Structures are given as structure tokens and as C-alpha cells.
Amino acid sequence: MTAASEVLSRTRRTVIKIGSALLVDWETGALNRARLAEIAADIADLRARSVQVMVVSSGAVALGRLRLGLPARTLPLDQRQAAAAAGQSLLMRAWEEALEPVGLTAAQILLTRDDTETRRRWLNARATLQALLDLGCVPVVNENDTVATAEIRYGDNDRLAARAAQMSGADCLILLSDVDGLYTADPRQDPAARHIPFLEAVSAQAEAYAGGANAGRGVGTGGMATKLAAARIAADAGCATIIADGQGQGSPLSRLMDDARATVVAPACNVRAAYKQWIGGSLAPQGELRVDAGCARALADGKSLLAAGLKGVTGTFAKGDPVLIRDEGGVVLGRGLSRYDAADAARIAGLKSPEVASALGWPGGPVVVHADDLAVQS
């Protein structure tokens, strides 16, 4: 069994999801600035240990509802979108004011489901997140409720947080809410309810506990069922999940390091293996790249596929699409995500790095498939 403190002690990139109940009083619309300050201090402690941190923050709709004078009830889609538009700036200002005193810079990221399920948009969003993390920023992620319709919404920020963890290659997802984990029954109704501190995997039994005993816990659009659904997504991406209470005395992450009660869901594999497996086994190739012998050797050594080693391009594919990679004899070497569409890849085939930008007419790089986006066949 793995404790939350152990997961936190070895994480290198983490996503922290904060539910509406922790930040905003739904009846009054008041922002809990003290809680924000505590979480900001926790983030600063993680950053001091060289841990990269992303925040997925609820609260925009709750803040905007009061700002627009909307009633404290479930809102129709158009009013929810209006409340999100009015409240998102307030939410970001609150995060900026909480993070600046501890020397950190907030950066807003608004996503819809298309951004994590359309490959090209996924790659672009991932590149932006990576750049922000490398620059030392704290990306503050929320669903773009102002444009998301029912067809393209995540539906809750637990799933959004899991997709953000998957996209960014995080090894730890922390779901902070008003509940300290999964129970076998509702502890408010059943004093014999047993807390479950660790799940090797999200089983049907665990889902039954979440859908029954814990269904009424939490606020906003999520609940324990959505937290376990998020944990399943994270586990498949090689990311551990901690479901913990963000309320109470003291900062939430500090309490977890002191072994406060929580539920840990183990990852199914490591982050890198999960991503490579996704590329190698879950995506249908949209085209093919033929490479020379020198490039084939480089790929076997874990290097990127460069334009100089590219001999031919087959098929019609877009930037971010999966492609099959073959050697000059037709042997499949692996699969990867192309950084160029088919026409541009053909245009730079065989060119040295200084020649690529001239051939394209814009400053493209020599990498056609990056090593990080390549699953070499064993």
C-alpha cells in the first residue's frame, strides 16, 4: 500500500484540482482567500523541491453568478456560460493575488474537450503547457465554459484535471474537495463505514461504493463517481491519484505529507510507458514515412526522426497525426506523431537543418517526429 505522503515525496510534476466548495461560498459568492493563500503556500513548497505544478481550478461560474445577480440554483447553459465569462477574470485575479506573494506567476489556460481529444490541438496545448512549466509558471486551467456546449464539455473539472495530467505527463493528480476519500458507505449515515486508503485499480466494487454511498458528497458538477472516473484516466496515463479533503485546519498538502486521511489510486504503469503505448497501439496511422539506414539506427538509439534522414512520404496526413515509419526495405520501425503535414514533410525530405526553413518559407525545425512522440517497434 502506498501512502499519499510517499506519492507526494517522489512526484516531479503534479496537477492539483481544487473544487468550488473550497474556494467559493455558493450562497454568498464570497471567495475564500485564506484557503487560496494556504494552497499557494503549498504550491510554493512543491516548487522549492523542483516539482512542476499545474492547478485546475473551479469557481468561475460561482463567482460570476453573484457578479451578474443570477440565482443560486442550476443555471441553463446560456446563463452558465455568461456566469463563467463574468467570473473567470475574478478567479484568475484571485489566483494571481495568491501566488504573487510567494514569488510565483499564474498563467491562464482555458480548454474544451476538443483540445485534449483532437491530436493537433492536443499537441499545441501540450507544447504551451510545457513551455509555461519550463518557464516556472503555474498554469491555472479551467474549462472554457463560455464556448463549450454539451457536446464538447468535460462536464466536471475532475475529468478535466485527469486529461490535463495526461496531456502534461504528470505523475501525480491531487483531487481536493470536501471529502477525504472513498468509503464503503456514507459515513454521515453509517458510523460503520470504512475508509479505503488505497486502490490498486478502480474496480467495479469501488465504482459501486462511489455511485451509492458517496454520490451525495461534494459540490459543483462532480462527486466521488467522477473522481474515480478521473483516477481511471490518470492511472492509464501512468499517473497516481490522491483524493483528499481540502478543508479543515492547515494547508491541505502539508496535512497530506503528515499522513492525513486520503485515498490513493495507483497508476497502471509509468508515464512514459503509457504515452508510448498510446502512440504505438491505440492510434491508426494516417500515412507513412520512409527513412534511410542512418536514421533507422538513430531511431533505435532513442533519437528523433530528422528531415535529413527522411527518404519518402506516403499518404495524406496533418500535423499531429500518427504515421508509420519504415526503413528503405519496407520493415516497420515504429509509429509516431508527425510535426508536419504530408506536403511539408515531403518538401523537407533529405534536407539538412539549415535548409529546412528556406524550403518551407517559414522557420520550421528539422525534427519530423520527436523522440518523445515516437514508439519504436521492438
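Ser50 is placed in the loop that runs between helix 3 (33-48) and strand 2, and its phi lies near 65°, a positive value in a residue other than glycine. The model in which this residue is seen is a predicted one. The points below take up the eight-stranded open sheet, the pairing of strand 14 with strand 11 and with strand 15, the crossing of helix 4 and helix 5, and several loop residues, among them Ser50.

- Eight strands make up an open sheet of mixed pairing, and their order across it is 3-4-2-1-5-9-10-8.
- The edges are taken by strand 3 (106-111) and strand 8 (198-199), each of which has a single partner strand, so that one side of each is left without a neighbour in the sheet.
- Strand 3 and strand 4 run parallel and are joined by six bridges; within this pairing, Ile109 has Val141 of strand 4 as its bridge partner.
- Strand 2 (residues 52-57) also pairs with strand 4 (residues 138-143) in the parallel sense, here over two bridges, and Val55 stands opposite Val140 in strand 4.
- In a regular strand, the side chains alternate between the two faces of the sheet.
- Strand 4 is covered on both faces, with Val138, Val140 and Asn142 buried on one side and Pro139, Val141 and Glu143 buried on the other.
- Because six of the six residues of strand 4 are buried, this strand is largely enclosed by the rest of the structure.
- Helix 8 (residues 157-168) lies across strand 1 (13-18), strand 2, strand 3, strand 4 and strand 5 (172-177), and its direction makes an angle of about 170° with that of strand 1.

**Strand 14 and its partners**

- Strand 11 (residues 287-291) runs parallel to strand 14 and is joined to it by three bridges, with Leu289 having Ile325 of strand 14 as its bridge partner.
- Strand 15 (residues 332-337) runs antiparallel to strand 14, and five bridges join the two; in this pairing, the bridge partner of Val323 is Gly336 of strand 15.
- The hairpin of strand 14 and strand 15 has five residues between the strands, and in this hairpin Gly330 takes a positive phi near 90°.

**Helix 4 against helix 5**

- The axes of helix 4 (residues 60-68) and helix 5 (residues 77-99) come within 6 Å of one another and cross at roughly 105°, which means that helix 4 is roughly perpendicular to helix 5.
- On the side of helix 4, the contact is made by Ala60, Val61, Leu63, Gly64, Arg65, Arg67 and Leu68, while helix 5 contributes residues that include Arg80, Ala82, Ala83, Leu90, Leu91 and Arg93.
- By residue class, the contact of helix 4 with helix 5 divides into ten nonpolar, four polar and four charged residues.

**Loop residues and backbone angles**

- Most residues other than glycine have a negative phi, and most peptide bonds are trans.
- Ser50, with its positive phi near 65°, is exposed, having a relative accessible area of 54%.
- Asp259, placed in the loop between helix 11 and strand 10 (262-265), likewise has a positive phi, near 70°, and at 53% relative accessibility it counts as exposed.
- Ser251 lies in the loop between strand 9 (240-245) and helix 11 (252-257), and this residue is buried, with a relative accessible area of 15%.
- The side chains of Ser251 and Ser254 are joined by a polar contact of 2.7 Å; leaving aside neighbours within four places in sequence, Ser251 is in contact with Glu38 and Asp42.
- Pro363 is found in the loop between helix 15 (353-360) and strand 16 (367-369), where at 76% relative accessibility Pro363 counts as exposed.
- Pro363 and Arg93 are 270 residues apart along the chain, and their C-alpha atoms are separated by 36 Å.

Key: Residues numbered from 1 in each chain as written. Predicted model: local features only at pLDDT ≥ 70, side-chain atom pairs only at ≥ 80, totals over all residues. Heavy atoms only, no water. Axes fitted to C-alpha atoms, helices over the stretch in contact; angles between N-to-C directions. Helix = DSSP H or I, 4+ residues; strand = E, 2+ residues; numbered from the N terminus. Parallel < 35°, antiparallel > 145°, perpendicular 65-115°, else oblique. Contact = heavy atoms within 4.5 Å. Nonpolar A, V, L, I, M, F, W, Y, C, P; charged D, E, K, R; others polar. Buried < 20%, exposed > 50% of the residue type's maximum accessible area, 1.4 Å probe, protein only. Pairing = 2+ DSSP bridges. Polar contact = N/O pair within 3.5 Å; in protein donor to acceptor, adjacent residues only side chain to side chain.
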